[in-house]
Amino acid sequence: MSVENFKPQKIYYELESLSYKLGKELYDKYKDLEWIPIDNHNNIPMFRNKSNSEFGKMKKNLIIAIRKTHKYVSNKKISNFLVPYTSSGCAASCLYCYLVCNYNKCSYLRIFVNREQMLTKLVNTSLKSDKLLTFEIGSNSDLILENTLTGNLEWTIENFALNGKGFITFPTKFSMVDSLLGLNHKGKTIIRMSVNPYDIIKSVEFGTSNLKDRVNAINKLCDSGYIVGILIAPVIMINEWERMYIELLDYLECWLSEKVKNSMSIEVIFMTYSYVNRVININAFPKAIDLFNSNLMVGKGRGKYGYKLSIKESAGEFLRKEITKRFKKAKIAYIV
(Lines give C-alpha, C1' and ligand atoms only; values in the text may rest on other atoms or scores of the structure.)
Protein backbone atom coordinates (compact mmCIF):
# COMPACT_ATOMS: atom_id res chain seq x y z
CA MET A 1 0.00 0.00 0.00
CA SER A 2 1.41 3.40 -0.97
CA VAL A 3 1.88 6.09 1.68
CA GLU A 4 1.44 8.89 -0.86
CA ASN A 5 -1.48 10.26 1.20
CA PHE A 6 0.20 9.59 4.52
CA LYS A 7 -1.62 10.79 7.62
CA PRO A 8 0.02 9.88 10.91
CA GLN A 9 -1.87 8.00 13.60
CA LYS A 10 -0.09 9.70 16.50
CA ILE A 11 2.38 12.54 16.83
CA TYR A 12 5.35 12.56 19.19
CA TYR A 13 6.82 16.01 19.67
CA GLU A 14 9.49 17.98 21.48
CA LEU A 15 7.74 20.74 23.43
CA GLU A 16 9.99 23.48 22.05
CA SER A 17 9.00 22.59 18.48
CA LEU A 18 5.64 24.30 19.00
CA SER A 19 7.38 27.66 19.41
CA TYR A 20 8.38 27.58 15.71
CA LYS A 21 6.11 28.71 12.87
CA LEU A 22 6.14 25.30 11.18
CA GLY A 23 5.49 23.56 14.49
CA LYS A 24 2.40 25.69 15.04
CA GLU A 25 1.20 25.02 11.50
CA LEU A 26 1.57 21.26 11.96
CA TYR A 27 -0.26 21.42 15.29
CA ASP A 28 -3.17 23.20 13.61
CA LYS A 29 -3.14 20.74 10.72
CA TYR A 30 -3.17 17.65 12.94
CA LYS A 31 -4.90 18.93 16.07
CA ASP A 32 -7.42 16.08 15.84
CA LEU A 33 -4.64 13.55 16.52
CA GLU A 34 -3.08 12.48 19.81
CA TRP A 35 0.06 14.54 20.59
CA ILE A 36 2.54 12.88 22.93
CA PRO A 37 5.43 14.96 24.37
CA ILE A 38 8.98 13.56 24.28
CA ASP A 39 12.28 14.81 25.64
CA ASN A 40 14.50 13.93 22.67
CA HIS A 41 13.66 12.67 19.19
CA ASN A 42 16.82 10.54 19.25
CA ASN A 43 15.70 8.66 22.34
CA ILE A 44 12.04 7.72 22.49
CA PRO A 45 11.74 5.00 25.17
CA MET A 46 8.33 3.77 24.02
CA PHE A 47 9.82 3.10 20.57
CA ARG A 48 13.03 1.50 21.80
CA ASN A 49 11.00 -1.02 23.76
CA LYS A 50 8.93 -2.11 20.76
CA SER A 51 9.56 -5.51 19.21
CA ASN A 52 10.86 -5.80 15.66
CA SER A 53 7.49 -7.16 14.57
CA GLU A 54 5.96 -3.72 15.28
CA PHE A 55 8.34 -1.91 12.91
CA GLY A 56 5.65 -1.32 10.27
CA LYS A 57 3.19 0.03 12.85
CA MET A 58 5.80 2.46 14.18
CA LYS A 59 6.11 3.92 10.68
CA LYS A 60 2.54 5.21 11.04
CA ASN A 61 3.64 7.74 13.65
CA LEU A 62 5.19 11.16 13.10
CA ILE A 63 7.89 12.82 15.19
CA ILE A 64 8.14 16.62 15.28
CA ALA A 65 11.37 18.02 16.66
CA ILE A 66 14.22 20.50 16.34
CA ARG A 67 17.32 19.56 14.35
CA LYS A 68 20.41 20.08 16.43
CA THR A 69 23.01 18.62 14.04
CA HIS A 70 23.95 20.96 11.20
CA LYS A 71 27.35 19.65 10.07
CA TYR A 72 27.81 19.36 6.32
CA VAL A 73 29.58 16.25 5.00
CA SER A 74 31.74 16.44 1.87
CA ASN A 75 30.46 14.37 -1.02
CA LYS A 76 32.11 13.53 -4.34
CA LYS A 77 29.28 11.90 -6.23
CA ILE A 78 26.48 14.13 -7.48
CA SER A 79 26.95 16.98 -4.98
CA ASN A 80 29.61 18.82 -2.99
CA PHE A 81 27.94 18.44 0.41
CA LEU A 82 25.39 16.28 2.17
CA VAL A 83 23.23 18.69 4.16
CA PRO A 84 21.13 17.77 7.23
CA TYR A 85 17.79 19.28 6.37
CA THR A 86 14.09 19.36 7.29
CA SER A 87 13.42 15.66 7.85
CA SER A 88 14.92 12.25 8.41
CA GLY A 89 13.43 8.84 7.94
CA CYS A 90 10.37 7.99 5.88
CA ALA A 91 6.87 6.58 6.19
CA ALA A 92 7.55 3.97 3.49
CA SER A 93 9.18 0.62 4.31
CA CYS A 94 11.83 -0.26 1.73
CA LEU A 95 13.40 -3.50 2.95
CA TYR A 96 16.98 -2.28 2.38
CA CYS A 97 16.52 1.19 3.92
CA TYR A 98 19.90 2.51 5.06
CA LEU A 99 18.20 4.88 7.52
CA VAL A 100 17.33 1.96 9.81
CA CYS A 101 19.73 2.21 12.75
CA ASN A 102 20.34 -0.27 15.54
CA TYR A 103 17.23 -1.47 17.33
CA ASN A 104 15.39 1.74 18.04
CA LYS A 105 14.10 1.51 14.45
CA CYS A 106 14.74 5.20 13.85
CA SER A 107 13.74 5.23 10.19
CA TYR A 108 10.29 6.57 11.10
CA LEU A 109 9.57 10.05 9.74
CA ARG A 110 10.93 12.94 11.78
CA ILE A 111 10.21 16.53 10.76
CA PHE A 112 12.45 19.33 12.01
CA VAL A 113 10.69 22.66 12.40
CA ASN A 114 13.73 25.00 12.56
CA ARG A 115 13.83 25.25 8.77
CA GLU A 116 14.76 28.96 8.75
CA GLN A 117 17.99 28.16 10.58
CA MET A 118 18.86 25.41 8.12
CA LEU A 119 18.07 27.43 5.01
CA THR A 120 20.02 30.45 6.27
CA LYS A 121 23.14 28.30 6.69
CA LEU A 122 22.58 26.77 3.26
CA VAL A 123 22.26 30.16 1.55
CA ASN A 124 25.21 31.68 3.41
CA THR A 125 27.45 28.72 2.58
CA SER A 126 26.53 28.97 -1.08
CA LEU A 127 27.28 32.71 -1.21
CA LYS A 128 30.67 32.36 0.47
CA SER A 129 31.97 29.97 -2.18
CA ASP A 130 33.91 31.18 -5.21
CA LYS A 131 32.40 28.40 -7.30
CA LEU A 132 28.88 27.05 -7.77
CA LEU A 133 28.25 24.32 -5.23
CA THR A 134 25.63 21.59 -5.21
CA PHE A 135 23.98 20.74 -1.89
CA GLU A 136 22.28 17.37 -1.36
CA ILE A 137 19.37 18.15 0.97
CA GLY A 138 17.56 14.82 0.71
CA SER A 139 20.03 12.16 1.81
CA ASN A 140 18.24 11.52 5.12
CA SER A 141 14.63 11.43 3.95
CA ASP A 142 12.31 11.58 0.96
CA LEU A 143 11.49 15.27 0.63
CA ILE A 144 8.62 14.75 -1.83
CA LEU A 145 6.79 12.65 0.73
CA GLU A 146 7.67 15.03 3.55
CA ASN A 147 6.43 17.94 1.45
CA THR A 148 2.90 16.55 1.42
CA LEU A 149 2.82 17.19 5.16
CA THR A 150 4.82 20.42 5.45
CA GLY A 151 5.04 22.30 2.15
CA ASN A 152 8.75 22.67 2.89
CA LEU A 153 9.87 22.03 -0.68
CA GLU A 154 7.91 24.89 -2.20
CA TRP A 155 9.27 27.15 0.54
CA THR A 156 12.86 25.89 0.09
CA ILE A 157 12.97 25.90 -3.71
CA GLU A 158 11.66 29.45 -4.07
CA ASN A 159 13.73 30.88 -1.23
CA PHE A 160 16.94 29.27 -2.48
CA ALA A 161 16.20 30.44 -6.02
CA LEU A 162 15.79 33.99 -4.74
CA ASN A 163 18.70 34.12 -2.30
CA GLY A 164 21.12 31.26 -2.89
CA LYS A 165 23.88 30.46 -5.36
CA GLY A 166 24.55 27.11 -7.00
CA PHE A 167 22.17 24.18 -6.73
CA ILE A 168 20.15 22.11 -4.30
CA THR A 169 19.33 18.49 -5.13
CA PHE A 170 17.42 15.54 -3.73
CA PRO A 171 16.29 12.05 -4.81
CA THR A 172 12.80 10.65 -4.47
CA LYS A 173 10.73 7.51 -4.93
CA PHE A 174 7.47 9.45 -4.97
CA SER A 175 5.39 11.07 -7.69
CA MET A 176 3.52 13.87 -5.83
CA VAL A 177 5.23 16.74 -7.67
CA ASP A 178 2.36 18.85 -9.00
CA SER A 179 2.80 21.54 -6.33
CA LEU A 180 6.38 22.09 -7.56
CA LEU A 181 5.60 22.59 -11.23
CA GLY A 182 4.73 26.28 -11.20
CA LEU A 183 7.52 27.44 -8.88
CA ASN A 184 10.10 30.05 -9.84
CA HIS A 185 13.06 27.74 -9.24
CA LYS A 186 15.43 29.60 -11.60
CA GLY A 187 17.08 26.32 -12.61
CA LYS A 188 18.74 25.95 -9.21
CA THR A 189 17.00 22.72 -8.17
CA ILE A 190 18.02 19.26 -9.40
CA ILE A 191 15.47 16.49 -8.81
CA ARG A 192 16.50 12.87 -9.27
CA MET A 193 13.96 10.07 -9.54
CA SER A 194 14.92 6.69 -8.11
CA VAL A 195 13.65 3.77 -10.19
CA ASN A 196 13.67 -0.01 -10.01
CA PRO A 197 11.97 -2.82 -11.93
CA TYR A 198 8.25 -3.24 -11.36
CA ASP A 199 8.66 -6.49 -9.42
CA ILE A 200 11.27 -5.01 -7.09
CA ILE A 201 9.17 -1.92 -6.34
CA LYS A 202 6.22 -4.21 -5.58
CA SER A 203 8.10 -6.73 -3.42
CA VAL A 204 10.82 -4.59 -1.79
CA GLU A 205 9.95 -0.87 -1.83
CA PHE A 206 6.76 -1.04 0.23
CA GLY A 207 4.69 2.13 0.27
CA THR A 208 6.42 3.98 -2.56
CA SER A 209 4.97 5.23 -5.85
CA ASN A 210 4.77 2.81 -8.76
CA LEU A 211 7.13 2.99 -11.72
CA LYS A 212 4.62 4.51 -14.13
CA ASP A 213 3.84 7.39 -11.77
CA ARG A 214 7.52 8.01 -11.05
CA VAL A 215 8.31 8.28 -14.76
CA ASN A 216 5.34 10.61 -15.36
CA ALA A 217 6.54 12.78 -12.48
CA ILE A 218 10.10 13.19 -13.78
CA ASN A 219 8.73 14.04 -17.24
CA LYS A 220 6.56 16.79 -15.73
CA LEU A 221 9.44 18.18 -13.69
CA CYS A 222 11.68 18.34 -16.73
CA ASP A 223 8.94 20.10 -18.71
CA SER A 224 8.79 22.64 -15.88
CA GLY A 225 12.45 23.48 -16.33
CA TYR A 226 13.98 21.50 -13.49
CA ILE A 227 17.32 19.80 -14.00
CA VAL A 228 16.53 16.09 -13.64
CA GLY A 229 18.28 12.79 -13.18
CA ILE A 230 17.54 9.10 -12.83
CA LEU A 231 18.88 6.83 -10.10
CA ILE A 232 18.82 3.13 -10.83
CA ALA A 233 19.04 2.37 -7.18
CA PRO A 234 19.58 0.22 -5.43
CA VAL A 235 20.37 -2.51 -7.91
CA ILE A 236 19.26 -5.75 -6.22
CA MET A 237 20.60 -8.99 -7.66
CA ILE A 238 17.71 -11.35 -7.03
CA ASN A 239 16.74 -14.19 -9.38
CA GLU A 240 16.46 -13.03 -13.00
CA TRP A 241 17.73 -9.58 -12.10
CA GLU A 242 19.31 -9.09 -15.54
CA ARG A 243 15.97 -9.63 -17.26
CA MET A 244 14.18 -7.29 -14.85
CA TYR A 245 16.68 -4.46 -15.29
CA ILE A 246 16.63 -4.82 -19.09
CA GLU A 247 12.83 -4.53 -18.92
CA LEU A 248 13.24 -1.46 -16.71
CA LEU A 249 15.62 0.19 -19.17
CA ASP A 250 13.29 -0.66 -22.07
CA TYR A 251 10.41 0.94 -20.15
CA LEU A 252 12.45 4.08 -19.47
CA GLU A 253 13.50 4.30 -23.11
CA CYS A 254 9.87 4.07 -24.17
CA TRP A 255 8.22 6.37 -21.62
CA LEU A 256 10.76 8.99 -20.58
CA SER A 257 10.28 12.14 -22.63
CA GLU A 258 12.88 13.05 -25.23
CA LYS A 259 13.67 16.13 -23.16
CA VAL A 260 14.52 13.98 -20.16
CA LYS A 261 16.53 11.47 -22.17
CA ASN A 262 18.58 14.23 -23.79
CA SER A 263 19.46 16.01 -20.55
CA MET A 264 19.39 13.59 -17.63
CA SER A 265 22.25 12.22 -15.59
CA ILE A 266 22.13 8.58 -14.49
CA GLU A 267 23.40 7.18 -11.21
CA VAL A 268 23.70 3.44 -10.56
CA ILE A 269 23.99 2.25 -6.96
CA PHE A 270 24.20 -1.39 -5.91
CA MET A 271 22.41 -2.40 -2.74
CA THR A 272 24.15 -2.37 0.62
CA TYR A 273 22.28 -4.48 3.13
CA SER A 274 22.75 -4.80 6.88
CA TYR A 275 22.41 -7.33 9.65
CA VAL A 276 19.94 -5.01 11.40
CA ASN A 277 17.79 -4.71 8.25
CA ARG A 278 17.65 -8.47 7.94
CA VAL A 279 16.70 -9.14 11.56
CA ILE A 280 13.96 -6.49 11.51
CA ASN A 281 12.60 -7.66 8.15
CA ILE A 282 12.38 -11.29 9.25
CA ASN A 283 10.14 -10.25 12.13
CA ALA A 284 8.25 -7.30 10.62
CA PHE A 285 7.76 -8.67 7.10
CA PRO A 286 8.01 -12.47 7.49
CA LYS A 287 6.54 -13.17 4.04
CA ALA A 288 8.84 -10.75 2.21
CA ILE A 289 11.78 -11.76 0.06
CA ASP A 290 15.12 -12.30 1.83
CA LEU A 291 17.56 -9.89 0.22
CA PHE A 292 20.63 -11.52 1.74
CA ASN A 293 22.48 -13.91 -0.57
CA SER A 294 25.59 -15.54 0.89
CA ASN A 295 26.76 -16.62 -2.58
CA LEU A 296 26.84 -13.04 -3.88
CA MET A 297 27.43 -10.91 -0.79
CA VAL A 298 30.27 -10.36 1.64
CA GLY A 299 30.63 -8.47 4.90
CA LYS A 300 31.69 -4.83 4.61
CA GLY A 301 32.25 -4.11 8.28
CA ARG A 302 29.95 -2.56 10.90
CA GLY A 303 27.27 -5.16 10.26
CA LYS A 304 26.83 -4.40 6.56
CA TYR A 305 26.83 -6.62 3.50
CA GLY A 306 27.63 -5.74 -0.09
CA TYR A 307 28.00 -7.62 -3.33
CA LYS A 308 31.40 -9.21 -3.91
CA LEU A 309 33.66 -6.87 -5.88
CA SER A 310 34.08 -9.14 -8.92
CA ILE A 311 30.33 -9.75 -9.11
CA LYS A 312 29.51 -6.05 -8.77
CA GLU A 313 32.08 -5.04 -11.37
CA SER A 314 30.67 -7.53 -13.88
CA ALA A 315 27.11 -6.42 -13.17
CA GLY A 316 28.17 -2.79 -13.45
CA GLU A 317 29.63 -3.33 -16.89
CA PHE A 318 26.46 -5.14 -17.95
CA LEU A 319 24.33 -2.19 -16.86
CA ARG A 320 26.69 0.38 -18.38
CA LYS A 321 26.46 -1.39 -21.74
CA GLU A 322 22.66 -1.63 -21.61
CA ILE A 323 22.25 2.00 -20.48
CA THR A 324 24.61 3.34 -23.14
CA LYS A 325 22.81 1.35 -25.83
CA ARG A 326 19.54 3.15 -25.05
CA PHE A 327 20.56 6.57 -23.74
CA LYS A 328 23.42 7.87 -25.82
CA LYS A 329 23.02 11.49 -24.71
CA ALA A 330 22.68 10.78 -21.00
CA LYS A 331 25.68 11.09 -18.70
CA ILE A 332 26.37 8.15 -16.39
CA ALA A 333 27.57 9.99 -13.28
CA TYR A 334 28.86 6.88 -11.54
CA ILE A 335 28.27 3.18 -10.90
CA VAL A 336 29.02 2.09 -7.35
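Lys77, Lys300, Arg302 and Lys304 together form a positive surface patch, where a patch is made of residues with over 30% relative accessible area and no salt bridge, like charges being joined within 9 Å. The model is a predicted one, in which local features need pLDDT of at least 70 and side-chain atom pairs count only at pLDDT 80 or more, while totals for chains, interfaces and linings use all residues. Residues are numbered from 1 along each chain as its sequence is written, and side-chain values use heavy atoms, with hydrogens and water left out.

**Positive patch**

- Lysine 77, one of the patch residues, sits in the loop between strand E4 (73-74) and strand E5 (81-82); helices (H or I, at least four residues) and strands (E, at least two) are DSSP runs, numbered from the N terminus.
- The relative accessible area of lysine 77 is 46%, which makes this residue partly exposed; buried means under 20%, exposed over 50%, and partly exposed in between, with a 1.4 Å probe and protein chains only.

**Salt bridges**

- The structure has 18 salt bridges, each defined as a side-chain nitrogen of Lys or Arg within 4 Å of a carboxyl oxygen of Asp or Glu.
- Arginine 326 and aspartate 250 meet through their side chains in a salt bridge, at 2.8 Å from N to O.
- Because arginine 326 belongs to helix H12 (residues 309-326) and aspartate 250 to helix H9 (residues 241-255), this pair ties together parts that are 76 residues apart in sequence.
- Of these two partners, arginine 326 is buried at a relative accessible area of 14%, whereas aspartate 250 is partly exposed at 35%.
- Asp250 and Arg326 also belong to a network of salt bridges that links them with Glu322 and Lys325.
- A salt bridge also joins the side chains of arginine 278 and aspartate 290, at 2.7 Å from N to O; arginine 278 is in helix H11 (residues 275-284) and aspartate 290 in the loop between H11 and strand E16 (297-301), so that the pair links distant parts of the chain, 12 residues apart.
- Arginine 278 is partly exposed at 27% relative accessibility, and aspartate 290 is partly exposed at 38%.
- Within helix H12, glutamate 317 and arginine 320 are 3 residues apart and thus separated by about one helical turn, and their side chains meet in a salt bridge of 3.9 Å, N to O.
- Arginine 320 is partly exposed, having a relative accessible area of 33%.

**Cysteines**

- The number of disulfides is 0, a disulfide being a pair of cysteine sulfur atoms within 2.5 Å.
- Cysteine 94 has its closest cysteine sulfur in cysteine 97, and the separation of 6.6 Å is too far for a bond.
- Cysteine 97 is likewise in no disulfide, the nearest cysteine sulfur being that of cysteine 94.
- Cysteine 94 counts as buried at 15% relative accessibility, and cysteine 97 is buried with a relative accessible area of 12%.

**Tyrosine 12**

- Tyrosine 12 is part of strand E1 (residues 10-14), and its relative accessibility of 7% counts as buried.

How values were computed. Patch = residues over 30% accessible without salt bridge, like charges linked within 9 Å, V, L, I, M, F, W, Y side chains within 5 Å. Areas by Shrake-Rupley, 256 points an atom, 1.4 Å probe, with all protein chains shown as cover. Lys, Arg positive; Asp, Glu negative; His and termini not counted. Charge placed at Lys NZ, Arg CZ, Asp CG, Glu CD.
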